[in-house]
Structure formats: C-alpha cells, structure tokens
Amino acid sequence: MNASLYSVTYWYILKAGRRIQGVLGKEAASTRAAHRSSKTMMLFVAAFAFQWWAAALLGAWQLIATPPFLIFLGAATFSNIGGILNGSIYVIIQRKRVQEKQAANECTASVTRQVALTVNSFQQAPSNGSDKNDKK
C-alpha cells in the first residue's frame, strides 16, 4: 500500500513539474525543486522495497509450499532493518542539504568578490583628464 501511495504521489509531483516547466521554462526553480523532491521520495520507495522484498517472497512461497528456514530468517532480518534504512536516507538528505548550502555560499561569495573588484576598478580608474585642467 505504501509503495503504491508513494508511486501515485511521485506521479503527481512529476506531472505538476512538467506543467510548471511548460509555463515557466526548463530552468524554473519550482521545476528543479519538484524533481529534487521526487528523487528524494524515490529513496524512500527503494528503501521500502529493499525492506519488504523478503517478506513478499516468503508470502508467495507459502502459497506454493513450505519455505526453507533461510527464507524465514531473511524475512525477519530485512523487515527489521527499516530504522537503519531510514537513518541512511536521512544522512543522504542532510549531506545534500549541506552541499547545496555550501554551493550557495560559494556562489554568493564569488558574486560579492566580483562586485567588490568591479567597484574598486571604477574607483581606481584614471579620470578623463578634467583634473589636469582644474590644476592649471
């Protein structure tokens, strides 16, 4: 049920992103944000599938025959690693957030340096010769 709800939400986000992209263009900030959020959400879908694949295999196998003990063990192990998987996704999201913040700070610092250099070059530029006439 969770995977289907995530999939439907992902589809709606992509659909809204395409609609916004058609109106605002490819480089719209909202389009980039929609794509970024859908990619992040897909991490949770992948974690969900990785967590419950063994339980699905166990259920399907029980319909046919008695599964071996290794399948029971796999289902018990994988169904209990949800906290580890969600913690890993949290770390991935936080690293991306820190990287984006650093990139934004570097961009701001670069623009600030360029503006300061431009202002300094205008202040230090030689005058057009009017000072020579004023001294005579």
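Rings of Phe, Tyr and Trp (its six-membered ring) pair if their centres lie within 6.5 Å; planes under 30 degrees apart count as stacked, over 60 as edge-to-face and the rest as tilted. In this predicted model, local features need pLDDT of at least 70, side-chain atom pairs count only at pLDDT 80 or more, and totals for chains, interfaces and linings use all residues. Residues are numbered from 1 along each chain as its sequence is written, and side-chain values use heavy atoms, without hydrogens and water.

Two aromatic pairs are present. In one of them, the rings of Phe-50 and Phe-78 have centres 5.3 Å apart and planes at 90°, so this pair is edge-to-face. The pair links distant parts of the chain, with Phe-50 in helix H2 and Phe-78 in helix H3, 28 residues apart. Helices are DSSP runs (H or I, at least four residues), numbered from the N terminus. Ring pairs join Phe-50, Trp-53 and Phe-78 into a cluster.

Accessibility was then examined. Buried means under 20% relative accessible area, exposed over 50%, and partly exposed in between (1.4 Å probe, protein chains only). Phe-50 has 41% relative accessibility, so it counts as partly exposed. Phe-78, at 21%, is also partly exposed.

Helix H3 spans residues 69-79, and its Ile-71, Gly-74, Ala-75 and Ser-79 are buried. Seen down the axis of H3, the buried residues fall within an arc of 110° (taken from the directions from the helix axis to the C-beta atoms), so they line one face of the helix. On the other side of H3, Phe-69 and Leu-70 are exposed.

Technical notes:
Helices (H or I, at least four residues) and strands (E, at least two) are DSSP runs, numbered from the N terminus.
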